Amino acid sequence: MEENRKDAVIPTYPEGLEYLAENLRLPLPPALADNMEARKNFIFNLIGTLVRQ
Amino acid sequence: MTNEELRLYRAKLFRDASSLERKPEKIPHMSFFVTWKILDAGYKLSEAMNDYDIMEKVVRRHQEEYGFDCILEMGARNAIRIPMALGNCSYYVNDEAGTVNYVDKAICEHDELRELAADVKKFFWEKGMARKYDKWADGTVTLEDMQRVVDEQTAFMQYMGRITQIMQDEYALPPYAAPKGYGYIGLDFMFNTVRGIRGLSIDMRKDKGALQEACAALNEIYYKPGIDALRAAPEGPAMHAAFDYDLTLLCHTILNNKQFAEYLWPFMKETLDVLAEKKMTVRLFMEGSSKRFWEYFKDVPKGVIVMHPEQDDVFELRKELPNVAILGGMPVSLLGTGTKEQCVDRVRRLFEELGRDGGFMLTQDKMVSFRNDANPENVKAVCNFVREYNG
C-alpha cells in the first residue's frame with residue numbers, strides 16, 4: 001500500500017501529465033522518444049481514448 | 001489474378017460505384033458484421049475480445065466462410081482490454097446472452113460545461129477520468145497501471161496492423177478506408193461521451209451558450225487537427241482502399257433541423273468541401289434516420305458521398321439524392337428472420353433497380369451484432385448470389 005502511494009498517479013493537471021510523460025515507456029519513434037511535447041501528446045491522446053471507452 | 005490484382009480490382013469496384021460515373025464490373029459486397037462473427041465462429045464474446053489470436057481466427061473464418069469484397073470491422077469495435085487495464089470499462093459483455101451493452105454515463109454535469117470549455121485537458125484529467133475509472137477516483141492508480149494501459153494500446157495497434165495486412169495479403173481484401181486525418185465533431189463527442197443523450201438534450205434547452213463554448217473547446221482539440229491534416233493531404237483518392245474517409249454520426253438522432261444547421265452541418269460541410277476539393281470519397285454513416293437532413297446534401301458534387309443509411313429506405317434515397325452513391329440495402333431483420341429466397345429476392349431487386357447504372361454497393365443496414373441478427377444460411381445464400389450475379 002505504501003509502495004502504491006509512492007508511485008501513485010498525480011490526480012491534478014498538468015502535474016500528473018508531466019509525471020507520466022517523464023516516467024512511462026512509450027512506443028514513440030526513436031526521434032521523438034525524448035521529446036517531452038510528443039510524450040505529453042501521446043499520453044493525452046491516450047486519456048482521450050480512455051474517457052471515450 | 002494474383003492476390004494483389006484481386007485486391008486492387010475489388011477496391012476499383014467500390015471506387016467505380018462511388019463515382020456515379022462508371023458502372024462497376026460487378027456490384028461489390030461489404031461486410032458490416034461486428035460481434036456476430038465471433039458468435040458465428042463458435043467463440044464467446046469475452047474470449048475473442050480479450051485474445052487477439054482468437055479475434056484473428058474469427059476474422060479469417062468470416063472471410064473464408066462468406067467471401068466479401070471488403071470487411072469494415074476486423075475486431076476493433078470493442079477494444080475493452082485498454083480500459084480494463086485500469087480495472088473497469090463502459091462495456092458490459094454478457095456471454096450467456098451474446099450481447100455487448102454500452103453504459104451511457106456522462107462525465108460532465110450541466111453546471112460544469114464552462115469549466116470544461118475553459119480547459120478540456122484539465123477537466124478530463126481531474127474529473128472525466130475519475131468518473132469513468134474507480135481507481136482514478138480513489139487515487140490508487142499507479143505508474144504500473146498506466147504502463148499496462150500503454151502496453152495494451154500498443155498491443156491493440158499491433159493487432160490492427162497485423163489483421164489489416166493479413167486480410168490484404170492472404171485474402172486480397174482492400175482496406176475499407178484510408179483516412180488522412182480524422183475530425184471528431186464536438187457535438188458528437190458531447191453526445192457519445194461527455195454529456196450523454198439525456199444531458200445533451202437538457203443542455204440544448206437550458207444553456208445554449210455554455211454548450212456552444214464546450215463544443216468549441218472540444219472542436220479545437222478533436223476536430224480542427226483532423227480537418228487541418230485532411231487539408232494538407234495530397235490531392236486524389238487512395239485507390240488501394242474502398243473509400244478515403246469515414247464519417248459516423250450519432251448525435252443528429254436528437255436534433256431538429258435548426259439544431260442540425262447550427263451545431264453539426266457547418267463542420268460536416270467544411271469536411272465535405274475539403275473532400276470534394278481533394279477528389280476524395282467519404283462513407284457517411286448517420287445512425288438511425290437522416291432523412292430529415294437530406295436537403296443539406298443536395299448540392300454536394302457526385303463522387304464525394306457514399307451514404308450508408310441505417311433506417312432510411314434506399315430506394316427513396318436514390319430518388320431524393322441522385323448525387324449520392326449508396327452503400328447498404330440489406331436489412332438485418334431479413335437476414336435474421338427471412339428465408340433464403342426472400343433474402344436473395346431482396347438483393348436481386350436492389351441490383352436491378354439501384355445497381356443497374358452503378359452507384360450502388362451492397363452491405364447490411366445495421367452493425368450485425370447479436371446471434372439472431374442473421375441466419376448464417378441466409379448470409380451464405382446472399383454471398384453466393386452476389387458472386388454469381390451477372391447483371
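Modeller: Let's start with a pair of strands: strand E3 (residues 91-94) and strand E4 (residues 99-102) of chain B run antiparallel and are joined by four bridges. Keep in mind that this is a predicted model.

Biologist: Okay, and which residue stands opposite Tyr91(B) in E4(B)?

Modeller: That is Tyr102(B).

Biologist: How many residues sit between the strands in the hairpin of E3(B) and E4(B), and which one takes a positive phi?

Modeller: There are four residues between the strands, and Gly98(B) takes a positive phi near 70 degrees.

Biologist: Nice. What about the open sheet in chain B, what is its strand order?

Modeller: The order is E5-E6-E7-E8-E9, five strands with parallel pairing. Strand E5 (245-249) and strand E9 (360-364) of chain B are at the edges with a single partner strand each, so each has one side without a neighbour in the sheet. On average, neighbouring strands are turned by 25 degrees against each other, ignoring direction.

Biologist: How many bridges join E5(B) to E6(B)?

Modeller: Five, and the two strands run parallel. One pairing to look at is Asp246(B), whose bridge partner in E6(B) is Arg283(B).

Biologist: And is E6(B) enclosed or open?

Modeller: Strand E6 (residues 282-286) of chain B is largely enclosed by the rest of the structure, because five of its five residues are buried. Val282(B), Leu284(B) and Met286(B) point one way from E6(B), while Arg283(B) and Phe285(B) point the other way, and all are buried.

Biologist: So that Arg283(B) is the bridge partner of Asp246(B) and is buried too. What about E7(B) and E8(B), how many bridges do they pair over?

Modeller: Two: strand E7 (residues 305-307) and strand E8 (residues 325-330) of chain B pair in the parallel sense. Val306(B) has Ala325(B) in E8(B) as its bridge partner. As for burial, E8(B) is mostly covered, with six of its six residues buried.

Biologist: Switching to helices. At what angle do H10(B) and H12(B) pack?

Modeller: About 105 degrees, with the axes of helix H10 (residues 186-194) and helix H12 (residues 208-232) of chain B 8 Å apart. H10(B) and H12(B) are therefore roughly perpendicular to each other.

Biologist: Which residues meet there?

Modeller: From H10(B), they are Gly186(B), Leu187(B), Phe189(B) and Met190(B). They meet Ala214(B), Cys215(B), Ala216(B), Leu218(B), Asn219(B), Tyr222(B) and Tyr223(B) in H12(B). By type, the residues of this contact are nine nonpolar, two polar and no charged.

Biologist: Which residues of H2(A) are buried?

Modeller: In helix H2 (residues 15-23) of chain A, the buried ones are Gly16(A), Leu17(A), Leu20(A) and Ala21(A). They lie on the same side of H2(A), because they cover an arc of only 130 degrees around the axis. Glu15(A) and Glu22(A), on the other side of H2(A), are exposed.

Biologist: Why would residues a few places apart point the same way?

Modeller: An α-helix has 3.6 residues a turn, so those three or four places apart point the same way.

Biologist: What do the buried residues of H2(A) pack against?

Modeller: Helix H3 (36-52) of chain A, together with helix H7 (120-132) and helix H9 (143-169) of chain B.

Biologist: How many residues does each chain put into the contact?

Modeller: Chain B gives 26 residues and chain A gives 23. On the chain B side, the elements that give two or more residues are helix H5 (81-84), H7 and H9. H7(B) has the largest share of that side, with eight residues. That side of chain B divides into 13 nonpolar, nine polar and four charged residues.

Biologist: One last thing, where is Gly336(B) found, and what is it in contact with?

Modeller: Gly336(B) is in helix H15 (residues 332-337) of chain B. Leaving aside neighbours within four places in sequence, Gly336(B) is in contact with Asn372(B), Asp373(B), Ala374(B) and Asn375(B). Gly336(B) and Asn372(B) are 36 residues apart in sequence, yet 5.6 Å apart in space, C-alpha to C-alpha.

Biologist: Is Gly336(B) buried or partly exposed?

Modeller: Partly exposed, because 17 other C-beta atoms lie within 10 Å, and a residue needs 20 or more to be buried.

Definitions and conventions
Residues numbered from 1 in each chain as written. Chains lettered and ligands numbered in written order. Predicted model: local features only at pLDDT ≥ 70, side-chain atom pairs only at ≥ 80, totals over all residues. Buried ≥ 20, exposed ≤ 12 C-beta atoms within 10 Å, placed from the backbone. Arc of directions from axis to C-beta. Contact = placed C-beta atoms within 7 Å. Nonpolar A, V, L, I, M, F, W, Y, C, P; charged D, E, K, R; others polar. Axes fitted to C-alpha atoms, helices over the stretch in contact; angles between N-to-C directions. Parallel < 35°, antiparallel > 145°, perpendicular 65-115°, else oblique. Pairing = 2+ DSSP bridges.
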